[in-house]
Amino acid sequence: MLRTGDEPLHARSPLRLRLGLALWGLAWAVAGAVAFASVGRPGWATACAVVAAVAVLDVGCVLRRLRQGPHYQPGRDVPPYEPVGGGGVGARHTNGGAGWRHRRRAR
């Protein structure tokens, strides 16, 4: 797919939504681990604890990405890049007339 140059305006990563879902999953996994441990189901409690650990790692990764700032999560004040090739959507790169497709040679 060709870049149009306006990706910072349209291609946003939903990190805050991912953070919310990871926190929701963490809360349910911890509650499940506690509930299963209290009724004597160590296998299910361990499974919930593993899910909670994965959720904690995900929360850490998301918070790290959010703290990296607008370079990785551009806002509306970050201008778009200039389009490649001077064309709009659907413009093709030119590579000395060869284009981007490789053609089989006739033998």
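Accessible areas here come from the Shrake-Rupley method with a 1.4 Å probe, and for residues only the protein chains shown count as cover. On that basis the protein exposes about 8,900 Å², of which carbon and sulfur atoms supply 61%.

The model is predicted: local features need pLDDT of at least 70, side-chain atom pairs count only at pLDDT 80 or more, and totals for chains, interfaces and linings use all residues. Residues are numbered from 1 along each chain as its sequence is written, and side-chain values use heavy atoms, leaving out hydrogens and water.

Begin with the whole chain in cartoon view. It shows three helices and zero strands, where helices (H or I, at least four residues) and strands (E, at least two) are DSSP runs numbered from the N terminus. Of the 107 residues, 17% count as buried, meaning under 20% relative accessible area, with exposed over 50% and partly exposed in between (1.4 Å probe, protein chains only).

Next, select residues 42-67, helix H3. Its 26 residues reach 37 Å from first C-alpha to last, close to the expected 38 Å (1.5 Å times one less than the number of residues). Within H3, pick out the buried residues Ala 45, Cys 48, Ala 52, Ala 55, Val 59 and Val 62. Their cover includes helix H2 (15-38).

Then move to H2 and select Trp 24 and Trp 28, which lie four residues apart, about one turn of the helix. Their ring centres are 6.0 Å apart and their planes at 65 degrees, so the pair is edge-to-face (centres within 6.5 Å; planes under 30 degrees apart count as stacked, over 60 as edge-to-face, the rest as tilted; for Trp the six-membered ring is used). Trp 24 is exposed, at 56% relative accessibility; Trp 28 is likewise exposed, at 56%.

Key. Contact = heavy atoms within 4.5 Å.
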